[in-house]
Amino acid sequence: DILEGFPGPAERMQTVVDTIRSAYDAVPVHADPQVIALDATFPAASQIEAFLRYTGFVAMPSSKTAAPAGLGCGEVIVSTGGGAVGEDLVAAAMAARTYASSAKRSLWRVLAGPNLSPQRFEALARTCPAGVVLERNRNDFKSLLARCHVSVSQVGYNTVEIGRAHV
């Protein structure tokens, strides 16, 4: 994934480079170098360039989907993954929906991970604005992404915020 900025001292960066060179065959980078390359946030990327494999963003459209027909089509999908910090993204998405002019025509499907407590999930569900569906993570997530108009994610292991039109 593209980093927020490499944490830690320069020695740590060299340790990462040395570890990759000695123990890995490849490093998947969940990005597209035409949008942003790893070296934009990891200055030592040139030292491991031969190992980098850009995977692209989110999911490509597919005719093979597990979601019921039409589900996810044209939607804004907001996903928090399983992380414990997803509550802020859920609340921000619900607040942002009221300001998003062109997206108001789209259903916003907000997916909260398992680490959001049942009490907080229920409290957020009670304040859901019109046009927003709050759900727990779904098994058909990949097919929802393949059909959505925009994906907004926690920028974690598997996903990055990007509009499907730009994939």
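The side chains of Arg-109 and Glu-75 meet in a salt bridge, with N to O at 2.7 Å. A salt bridge here is a side-chain nitrogen of Lys or Arg within 4 Å of a carboxyl oxygen of Asp or Glu. The pair links distant parts of the chain, 34 residues apart: Arg-109 lies in strand E4, Glu-75 in the loop between strand E2 (52-54) and E3. Both residues are buried. Buried means under 20% relative accessible area, exposed over 50%, and partly exposed in between (1.4 Å probe, protein chains only).

This is a predicted model: local features need pLDDT of at least 70, side-chain atom pairs count only at pLDDT 80 or more, and totals for chains, interfaces and linings use all residues. Residues are numbered from 1 along each chain as its sequence is written, and side-chain values use heavy atoms, with hydrogens and water left out.

**Salt bridges**
- The structure holds 5 salt bridges.
- Glu-75, Arg-109, Glu-135, Arg-138 and Asp-140 are linked in a network of them.
- Arg-138 is partly exposed at 23% relative accessible area, whereas Asp-140 is buried at 10%.
- Glu-87 forms a salt bridge with Arg-120, with closest N and O atoms 2.6 Å apart.
- That pair also links distant parts of the chain: Glu-87 in helix H2 (residues 86-97) and Arg-120 in helix H3 (residues 118-126), 33 residues apart.
- Glu-87 is partly exposed, at 25%; Arg-120 is partly exposed too, at 35%.

**Strand E3**
- Strand E3 (residues 76-79) pairs with strand E4 (residues 108-112) in the parallel sense over 4 bridges; pairing requires at least two DSSP bridges between two strands.
- In that pairing, Val-78 stands opposite Val-110.
- E3 also pairs with strand E6 (residues 150-153), again parallel and over 4 bridges.
- There, Ile-77 stands opposite Ser-151.
- Val-76 and Val-78 point one way from E3, Ile-77 and Ser-79 the other way, and all are buried.
- In a regular strand the side chains alternate between the two faces of the sheet.

**Overall fold**
- The protein has 4 helices and 7 strands. These are DSSP runs numbered from the N terminus: helices (H or I) of at least four residues, strands (E) of at least two.
- From the N terminus, the order is α-β-β-β-α-β-α-β-α-β-β.
- Of the 167 residues, 40% count as buried.
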